[in-house]
Amino acid sequence: MLAPNPYFPPFSHEEYMRRYEVLRQEMAKADLDCLIVYGATPLGGNDTGQINAQYLSNFAAVGHTYVVFHRTEDPTLHLALDFHIPNARDIGVIQDVRSGGAFIEHGVATRLKELDINKGRIGIVGPSVSYFMPCTLPYEHYVYFKKEFPDTEFVNVHEWYENIRSIKSDEEIKLLERSAALTDLCHEEIFFATRPGAAHADIRRVAEQLSFTHRANYCMLHMSSMPTTDQPWPYQDFWPSDRKVADGDLVMTEVPIGYGMYYTKIMGSFFVGEPSQEYKNMFELAASVHDTVINELKPGMKGSDVDQFVAPIREAGYVTSGLVSGWSNYNGPPFVGQTHPDFPRPPIQSHLDLEFKPGLCVQVMAYPIAPDMKKGLWVGSTCVFTETGLRRLNKYPVKQLRVA
């Protein structure tokens, strides 16, 4: 049980008990008898995409995973493949591991019947984050559960669960600090690998190989360059092509490297050759706003308070995406601080009302974008709220204007 490994490095027994106790207290407040936590969706790298199930089990299966988490009884872990059960028991914290085969939902229903949940409330938690991932169950599974439990109320509690999980413990923050060092290292290698004639895909491969060497994970790696004389789009490529870097390019990166599926993230912008004064000014604006947020955002403030930090971007004639987003292994709530109500999504009241608390990790990303979407760059890094303010986890000099 809890064998050391770099994919799901074990936390202490006390840490898992803390998670279970906090979750059960919140379930009692929300009048939830049980949770079914589903896992299935990878993102784009060597990552399981099943952080919600992993949080409770320290394991994520190939294909479907379920954790059945009752308010008073021991949790169970449900896999689709019998052959993976010994591995799950070896490195996971939940020892009651069951397989349902191709119809894993049948095994989950059997467990719910054992728990005698016939007229209660069951919370549904989806596989990843509400920021851009599905937050519910496969249609076929949900239909089966409703048929087997016609008098049970099923409630989507994905964001509720995510907000609980977003407050990091001291043990989790130590893992994030290790992640930050790996992220810094990989981004520096990207910078030094960038030169005219280098293919985007080859530069990304440098970071992939380095992360593998250090037993790290990556959930995605955005990286591409574009000419500053005619920037076509203020966002870099998710899947890199063999397009080559050219002199005069702006390079934009989104580099989340992690350990044990815990990530920090750098949003980097640098130049190949000396940038124009316009781009220098844009970069200095982004760096200034990034630092102001880190210096002045405090616990006890709310998501709506972030709007005040957007003013310099607005006054310079730019629009912007979210200035502060939750960082809970991937982007998550709150998503706040934007100048356009529909970019990339309308403001959500629950995000505006969310209070920043110690232990909450956030991504601070200053991102001035021309209204015609023809110019833009970003400066961003990962921070954690302490009792008194924000502490930046990444040490990479993201706010320094660098020329490759």
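The model is a predicted one. Its aromatic pairs number 20, and its largest nonpolar core holds 115 residues. A cis peptide bond between Pro 333 and Pro 334 and positive phi values at Met 261 and Met 373 are among the backbone features treated below.

**Aromatic pairs and charges over rings**

- The count of aromatic pairs comes to 20. One of them is tilted: the ring centres of Tyr 38 and Tyr 66 lie 5.0 Å apart, with the planes at 45°.
- Tyr 38 and Tyr 66 are both buried.
- A cluster joined by ring pairs takes in Tyr 38, Tyr 66, Tyr 142, Tyr 144, Phe 145 and Phe 154.
- Two arginines lie over aromatic rings: the charged end of Arg 178 is 3.7 Å from the ring centre of Tyr 259, and Arg 402 lies over the face of Phe 191 at 3.9 Å from the ring centre.

**Nonpolar cores**

- Within the largest nonpolar core, of 115 residues, the residues with the most contacts are Leu 35, Leu 56, Leu 297, Leu 323, Val 324 and Phe 356.
- Beyond its neighbours within four places in sequence, Leu 297 contacts Thr 292, Val 306, Phe 309, Val 324, Phe 356, Phe 385, Gly 389 and Leu 390.
- Another core, of 18 residues, lies apart from the largest one and includes Ile 36, Val 68, Leu 112 and Tyr 144. Tyr 144 is also a member of the aromatic cluster that contains Tyr 38 and Tyr 66.

- Helix α8 (residues 200–213) comprises 14 residues, and its span of 20 Å from first to last C-alpha is close to the 20 Å expected at 1.5 Å a residue.
- The buried residues of α8 are His 200, Ala 201, Ile 203, Arg 204, Ala 207, Glu 208, Leu 210 and Ser 211.
- An α-helix has 3.6 residues a turn, so residues three or four places apart point the same way.
- The buried residues of α8 are covered by elements including α7 (170–193), β7 (217–218), β8 (222–227) and β9 (249–259).
- Just after α8, Arg 215 adopts a positive phi of about 60°.
- Helix α9 (residues 277–296) comprises 20 residues and spans 28 Å from first to last C-alpha, close to the 28 Å expected at 1.5 Å a residue.
- Buried positions in α9 are Tyr 279, Met 282, Phe 283, Leu 285, Ala 286, Ala 287, Val 289, His 290, Val 293 and Ile 294.

**Backbone geometry**

- Most residues other than glycine have a negative phi, and most peptide bonds are trans.
- Met 261 has a positive phi, near 70°, and is placed in the loop between β9 and β10 (262–271). With a relative accessible area of 3%, Met 261 is buried.
- Met 373, also not a glycine, has a positive phi of about 65°. Its place is in the loop between β15 (368–369) and β16 (379–385), and Met 373 is buried at a relative accessible area of 17%, because the cut-off for burial is under 20%.
- The peptide bond joining Pro 333 and Pro 334 is cis, with omega about 0°. Pro 334 lies in strand β13 (residues 331–336).

- Ser 325, in strand β12 (residues 324–327), is buried, with a relative accessible area of 5%.
- The side chains of Ser 325 and Asn 331 are joined by a polar contact of 2.7 Å.
- Setting aside neighbours within four places in sequence, the contacts of Ser 325 are Asn 331, Gly 332, Pro 334, Phe 335, Cys 361, Val 362 and Gln 363. Among them, Pro 334 is one of the two residues at the cis peptide bond.
- Thr 388 lies in the loop between β16 and β17 (390–392) and counts as exposed, at 63% relative accessibility.
- Not counting residues up to four places away in sequence, Thr 388 touches Lys 298 and Pro 299.
- The C-alpha atoms of Thr 388 and Gly 300 are separated by 9.5 Å, although the two residues are 88 apart along the chain.

Notes:
Residues numbered from 1 in each chain as written. Predicted model: local features only at pLDDT ≥ 70, side-chain atom pairs only at ≥ 80, totals over all residues. Heavy atoms only, no water. Phe/Tyr/Trp six-rings, centres within 6.5 Å; stacked < 30°, edge-to-face > 60°. Buried < 20%, exposed > 50% of the residue type's maximum accessible area, 1.4 Å probe, protein only. Lys NZ or Arg CZ within 6 Å of the ring centre and 35° of its normal. Core = buried A, V, L, I, M, F, W, Y, C linked by side-chain atoms within 4.5 Å. Contact = heavy atoms within 4.5 Å. Helix = DSSP H or I, 4+ residues; strand = E, 2+ residues; numbered from the N terminus. Expected span 1.5 Å × (residues − 1). Polar contact = N/O pair within 3.5 Å; in protein donor to acceptor, adjacent residues only side chain to side chain.
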